[in-house]
Amino acid sequence: ERPGRSDPASSMRCGPLLTAAGVVAVLLLLKPAERVVLSGRAPTPAPLDPDRIFFPAGNDAARSGEPPPPFPNVHRWGDPIRNFMDRSLLAPDLAQGPFPTGAFWTNLVLRTDFHAEAGEEPIVSYPYAFRWKEEGLEVSYPALRREFLNNDTLRDLYAPDLKVGALPNTTSLVPAAFHRRIESHDAFSVALRFDADASATDPDAPGFTVPVVTGAPYVTVLYRDAVPLLRPHGSLLRLGCLADVAAGRDDGTVPAQNCVASNNQAYRGTEFAVVQEEGAQWAVFAQPATTLEVREGRAAAGTANYTGVIRMALLPPRAKDREQAVRELRKFHTVYPTGCKIVVDFSNAAMKIGRADDAIMRYQFLTETSDPAATHPPPLLMLALPHLMGPLQYTKMVAPLASAADTGWYDCIKGVLTPVFGNVWKHHQALTQLKFQMDGPLRRPAMKDEIKKALKEDLMYHRPTAGDVYTFGKQAARLATLALVAEEVEDQDTLNTIVELLRTALVPWLEGEAGHETKLLYVANPRDALLYDKDLGGIVTHNGLRDPQADFGNGRYNDHHFHYGYLIYAAAVLTRFDPSFVDDHGNHISALVKDVANYDPGDPHYPLARHKSWYDGHSWASGLFPQSDGKSQESVSEAVNCYYAVGLWALVTRDDTLHNFSRLLLAMEIRGAHYYWQTGPTTKVYADQAFDRHYMVGVAGALDVTTRTWFGNDPVYSHGINILPITPITAELLAPEYVAGEWAAVLEPVYDTAPVAWRGYLAGAHAVIDPEAAWGQIRALSSQKLDNGLGRAQALLWAGTRTGSLPPYDPAKEAEAVVPGGAGASCKARPGCVARGYGGDCCPTPEGVFRTCCTEVPFQGPETCARNTRCHEAGLEGRCCPDDNGVFLGCCGAEQGADAATGDDAGDGTGTGDAKCASHEACGGLGGDCCPTDAGVFLGCCTQVGGDTVTSSSTAPTASATSASTGK
């Protein structure tokens with residue numbers, strides 16, 4: 001069996017993303033190729049005819065001035081939307097623009113067939129999961145029901161813990177039926193509106209709205225003239241005042257302003273506790289005050305119509321100090337999120353020797369307060385996943401709660417969620433430098449001749465003949481890689497042959513021309529053509545529209561980044577050798593790029609970054625099929641290679657903005673792979689040693705992770721599908737310290753019995769740590785029996801350009817605890833390791849492996865000594881401009897003061913500013929150095945590049961000029 005998805009039906013559960021950032025998002029280019037703003041609450045465009053809610057394509061060109069996509073534009077004739085989606089659940093104004101098929105909330109509107117009810121499967125918004133009904137919203141904390149199944153699957157089960165709704169009157173316990181709809185959405189959120197009157201147009205009409213924001217520890221309900229209803233699953237064990245329940249008391253003795261027991265069944269105030277029969281306890285906060293009473297022993301209900309904000313948070317089940325957890329939840333409950341704006345600044349992403357190449361990301365949460373009278377509202381409290389904690393703490397834009405370790409706080413399938421406070425999450429993301437060829441020369445000149453021989457053998461097999469887009473894409477990408485191999489070994493004749501073959505193979509898929517199959521036997525059958533879906537906004541296959549299970553669910557937007565990533569890669573390589581290809585078919589490839597990596601949320605044809613989840617830090621592959629685990633993705637390596645391919649296309653087309661955006665998507669995906677796919681006994685994400693010993697997650701879902709794949713449970717499958725294909729970016733995906741453990745514990749014991757089709761990928765991983773041994777393994781393989789996405793010459797070139805070996809890995813040390821040794825070995829002593837969130841020893845690990853972070857200098861901001869030439873040359877380390885005390889040292893250039901004054905990290909930190917007083921007009925009467933002085937102080941007469949005055953202080957300049965740099 002060849003690597004890949006052997007069962008098309010199984011791929012219905014493979015899936016795309018959490019963050020198809022939304023129909024209503026806006027992108028701004030403040031500086032060319034430098035900053036993009038992804039905003040989730042843009043002004044709502046004029047609504048279209050509700051009957052044509054998914055048919056905006058007819059006026060796309062008129063609204064945008066852009067030509068339609070170059071593929072045939074069609075409606076969903078074979079698989080109409082009504083078969084799998086209830087579009088009446090969307091507000092009419094969401095009809096404008098393409099549908100975000102990978103958004104975390106799509107289960108809300110999906111159904112199994114035309115007659116089924118939509119929303120039967122949950123959506124996951126950590127730490128909770130939700131389902132909605134006409135009666136209201138079900139809330140679940142799935143981590144309460146974690147299972148470890150068959151030694152290979154971790155699963156958090158969805159079950160409703162609490163039901164939120166409203167009553168038709170103050171005496172009934174039967175919830176009112178509401179008209180529900182999605183009111184708005186963005187990359188982090190979806191707003192669910194429940195109206196008592198389906199025809200109501202008044203925004204204040206009776207009902208309630210729930211802004212579901214990923215990472216929020218509270219469930220927020222905005223009631224509008226309705227009787228609140230909070231109903232635990234099963235029976236209500238207790239309703240009481242929060243302070244009493246937290247302290248384990250029953251006497252009702254609490255401050256009167258917070259909660260007062262009017263009798264043993266009713267309580268009035270702003271802080272309550274609801275205790276489920278199963279023992280889970282919920283803190284309930286109301287602003288303004290209200291009265292809740294026990295209704296029939298089953299629910300907590302209001303005694304009158306209520307307009308205000310009720311927020312609920314599960315008291316952390318593992319909290320060591322329940323009262324401390326309550327104090328923290330009480331402190332932050334009045335400020336709640338309604339959405340998130342993502343700002344990405346690429347101003348540091350210029351390719352400068354000796355300079356960091358990174359993106360500055362800001363997740364700017366949109367907030368409201370339930371207590372407008374508060375003079376000093378608290379910061380926003382949210383929960384961060386493990387992969388973000390290092391970067392967030394490094395920038396100090398948010399702070400983790402000091403009590404988090406004591407209170408235990410919240411879990412999800414991805415590990416412990418750390419509570420942080422701060423309205424803006426700012427962090428740096430290091431970006432990779434993209435290139436077509438492998439790193440370094442061949443280790444021995446004789447290797448070249450052997451690769452040439454293998455290259456000619458490879459050309460005899462696996463030419464691009466497949467009739468489905470995924471397999472054809474793998475074959476085309478393999479052929480493209482062989483072109484790069486031919487270039488590397490200087491075989492010009494073979495290179496010319498490959499370029500011609502590749503162009504001939506690709507064109508029929510792009511043009512959909514019939515009859516091409518008669519020219520060369522290996523050309524794909526064009527009947528499975530690429531089409532533009534005008535109804536949902538995306539490129540799909542003919543067969544995918546005809547049959548939802550065809551092409552691995554392509555017609556319903558499964559796996560597009562896998563499918564089109566291969567085609568984009570092949571086209572980028574072809575253009576490298578034949579630039580005329582862009583003139584003839586560049587628009588077709590750019591359309592595929594936009595389908596999977598569109599950076600413009602205002603694009604009328606495609607959603608923003610279809611598969612990417614900005615909160616989870618990786619992509620979801622599942623499309624518009626209801627999933628019990630929310631969303632999922634199998635092959636993270638193919639996702640990585642998709643964004644790598646997009647970056648290569650940006651290089652050959654010289655699209656700077658796409659180049660930076662693709663590298664951001666790529667870096668996030670690799671980071672996500674390191675945290676949530678690549679496991680091992682020293683990883684802490686899944687906190688289950690038996691599971692981590694598998695060393696690889698096969699499929700990661702929002703509610704489960706498994707070492708299995710959609711097509712089998714052999715460990716070879718889960719590792720192989722998350723290694724392939726082998727390209728230059730594989731060097732960043734497969735870190736030596738990870739492969740050392742993976743090879744010794746899993747791959748080496750099964751290598752000799754693994755199917756030959758998979759051995760090429762396993763040997764490719766082995767080459768990371770032992771290239772000589774891997775070279776011998778690859779030499780023994782047959783090109784004919786390799787997977788159709790891998791050539792033997794390609795694998796040989798990969799092994800031949802790897803350098804060095806790691807020390808022998810001792811599996812017996814797997815179970816040893818990671819105990820910090822000397823200061824040099826500690827992860828905390830290496831900034832790169834701190835940024836990656838590693839703990840214990842890194843340089844080396846207890847297994848004797850030096851992690852790649854040991855030599856990394858992560859996202860050096862302009863304040864660091866390393867980013868300032870004179871400070872670096874002086875041998876200074878850490879922060880210089882300013883230092884930890886806020887002082888700008890004498891080695892800093894004037895632009896460092898300017899950067900601090902704007903509160904932005906746009907400066908490149910080169911330290912080239914002129915400190916002389918005479919160089920600054922306002923300092924003209926002074927002598928010597930002013931900007932800064934010898935003491936490191938920027939005088940008040942100093943000016944920025946743009947002419948703004950830098951504050952005169954020995955501490956960091958104030959943010960008085962912030963608005964000048966934020967684009968607001």
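I began with strand β32, where threonine 706 stands opposite threonine 153. I kept in mind throughout that this is a predicted model. Stepping back from that pair, I found that strand β7 (residues 153-156) and strand β32 (residues 704-706) are joined by 3 bridges and run antiparallel. As a reminder to myself, strands of a sheet pair through backbone hydrogen bonds, either parallel or antiparallel.

Next I asked in what order the strands of this open sheet follow one another. There are 5 strands, and reading across them I wrote down β6-β7-β32-β31-β30, with antiparallel pairing. At the edges I found β6 (146-149) and β30 (632-633), and because each has a single partner strand, one side of each is left without a neighbour in the sheet.

I then turned to strand β5 (residues 136-140) and asked how many of its residues are buried. The count is 5 of 5, so I noted the strand as mostly covered, a residue being called buried when its relative accessible area is under 20%. Strand β4 (residues 128-133) runs antiparallel to β5 and is joined to it by 5 bridges, and the hairpin from β4 to β5 passes through 2 residues. Within this pairing I located phenylalanine 130, which stands opposite valine 139 of β5.

I also looked for bridges from β5 to strand β8 (residues 162-167), and there I found 3, with the two strands running antiparallel. Here glutamate 138 has lysine 163, in β8, as its bridge partner.

**Entry on a sheet of three strands**

Another open sheet has 3 strands in the order β2-β26-β27, and its pairing is mixed. Its edge strands are β2 (73-74) and β27 (538-541), each of which pairs on one side only. Between strand β26 (residues 530-533) and β27 I noted 4 bridges and an antiparallel run; one residue I followed there was tyrosine 532, whose bridge partner in β27 is isoleucine 539. I then checked what lies across these two strands, and found helix α10 (residues 560-577) lying across β26 and β27, at about 85° to β27.

**Entry on the nonpolar core**

Which residues of the largest nonpolar core touch the most other members? I found that they are Tyr363 and Trp614, in a core of 244 residues. Helix α7 (residues 469-488) gives the largest share of this core, with 12 residues. The core also draws at least three residues from each of domain 1 (73-333) and domain 2 (446-810). I set beside this the general remark that in soluble globular proteins, nonpolar side chains tend to be buried together.

**Entry on two single residues**

Is arginine 671 buried or exposed? I looked it up in helix α13 (residues 656-676), and its relative accessibility is 12%, so arginine 671 counts as buried, the limit being under 20%. I then searched for what its side chain meets, and found that one of its polar atoms lies 2.8 Å from the backbone oxygen of histidine 387.

Last, I went to the loop between β25 (424-430) and α6 (446-458), where leucine 431 is found. Leucine 431 counts as buried because its relative accessibility is 8%.

Note on methods: Residues are numbered from 1 along each chain as its sequence is written. This is a predicted model: local features need pLDDT of at least 70, side-chain atom pairs count only at pLDDT 80 or more; totals for chains, interfaces and linings use all residues. Side-chain values use heavy atoms; hydrogens and water are left out. Buried means under 20% relative accessible area, exposed over 50%, partly exposed in between (1.4 Å probe, protein chains only). A polar contact is a pair of N or O atoms within 3.5 Å; within protein, one must be able to donate a hydrogen and the other to accept it, and residues adjacent in sequence count only if both atoms are side-chain atoms. A nonpolar core is a set of buried Ala, Val, Leu, Ile, Met, Phe, Trp, Tyr and Cys residues joined through side-chain atoms within 4.5 Å. Domain bounds come from an automatic or database domain assignment. Two strands pair if DSSP finds at least two bridges between them. Contact means heavy atoms within 4.5 Å. Axes are lines fitted to C-alpha atoms, for helices over the stretch in contact, and angles run from 0 to 180 degrees between N-to-C directions.
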